[in-house]
Amino acid sequence: MSFSGDILDDFAQHEARRRNGPTYADVVVEMGMLVEDRGSHFTGDVVRWSAEGVTLQNRDDYVRHFGWKPGGFLIEGKPVTLVRPQQTAAASQRITASGSVASDGRAKVARASRIWVEGKHDAELLEHVWGDDLRELGIVVEPLHGADDLAAAVSDFGPSAQRRLGVLLDHLVPGSKETRIAQTVRDDNVLITGHPFVDVWAGIRPKVVGLDAWPDIPYDPDVTWKEGMCRALGVQMDGFWPKLRNQVRTFAELTPELVGAVEQLIDFVAEAG
């Protein structure tokens, strides 16, 4: 290590850098900028940004959403901190709710592959946010109406390299019933992802309805989680879900856990041979 000038000043600056960690150059994000996420090594062009993060689209037209983070990206191999411009011009491209660039609107013929979700509300939320992407890719989402017989359903489906299956489960956490169900499926052509919430409702950020956090709903065998949620909020259950769903304008109003789980499935199914 070399020092210049006042050795005590140099040493103090070195110690400050050591304590505070490395520093990275700020780079103002621009549409079309080619960047790489350091964590996942996903590389693509910037197609959208918001207060929540930046959206990249790779050469295969897959999209990923990443939060703003110090030194979180690489440009020409160098780590940088992406920052939003102080004044953001409107993008000329139409961006879908999922953050991808909108196509001409013509749906492709449905693939043999499928994405399964646990219930009707899960399917509706995926259509609401990712519907444009799903139609462009020809991917059909189907509700399972419960995952208890998942292994048998997968066997009946008959997954293959040309017929992949993606499954989105609620409450996929260590020790949960859903995790045990997922462990009964062993097939390279099946990908099971999930989020930690008891119900997909909680995958929507509570701020869309003016809350800092969703109420904590204790387990009650005689009351569903949705019923408990509506009671805690003091609202009628009938009609609450459509109002909640329609408050979601973009992926940024969903939790990262849910967004990441869904996009893993879309990419997995889209890559079927």
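**The largest pocket**

Guide: Sorted by class, the residues lining the largest pocket are 12 nonpolar, 7 polar and 11 charged. This is a predicted model, and the pocket in it has a volume of about 850 Å³. Its lining comprises 30 residues, and those nearest the centre are Val 198, Asp 199, Thr 224, Trp 225 and Lys 226. Of the elements, H5 gives the most, with 4 residues.

Helix H2 also has a place in the strand arrangement. Strand E8 (residues 114–117) pairs with strand E9 (residues 140–143) in the parallel sense, over 4 bridges. Within that pairing, Trp 116 is opposite Glu 142 of E9. From E8 the chain passes through H2 to reach E9, a β-α-β crossover that is right-handed.

As for confidence, the mean pLDDT of the protein is 84, with 83% of its residues at 70 or more. The highest value by element belongs to strand E10 (residues 165–169), at 97, and the lowest to helix H1 (residues 7–20), at a mean of 53. Two stretches stay under 50 in pLDDT: residues 1–8 and residues 88–92. For residues 1–8 the model has 5 contacts beyond four places in sequence; for residues 88–92 it has 2 such contacts.

Definitions and conventions:
Residues numbered from 1 in each chain as written. Predicted model: local features only at pLDDT ≥ 70, side-chain atom pairs only at ≥ 80, totals over all residues. Heavy atoms only, no water. pLDDT = per-residue confidence, 0-100. Helix = DSSP H or I, 4+ residues; strand = E, 2+ residues; numbered from the N terminus. Contact = heavy atoms within 4.5 Å. 1 Å grid on protein atoms, 1.4 Å probe; cavity = no way out; pocket = protein on both sides within 12 Å on 5 of 7 lines; lining within 4 Å. Points joined across faces, edges and corners; volume = space filled by probe spheres on them. Nonpolar A, V, L, I, M, F, W, Y, C, P; charged D, E, K, R; others polar. Pairing = 2+ DSSP bridges. Right-handed = clockwise from strand over helix to strand, strands pointing away.
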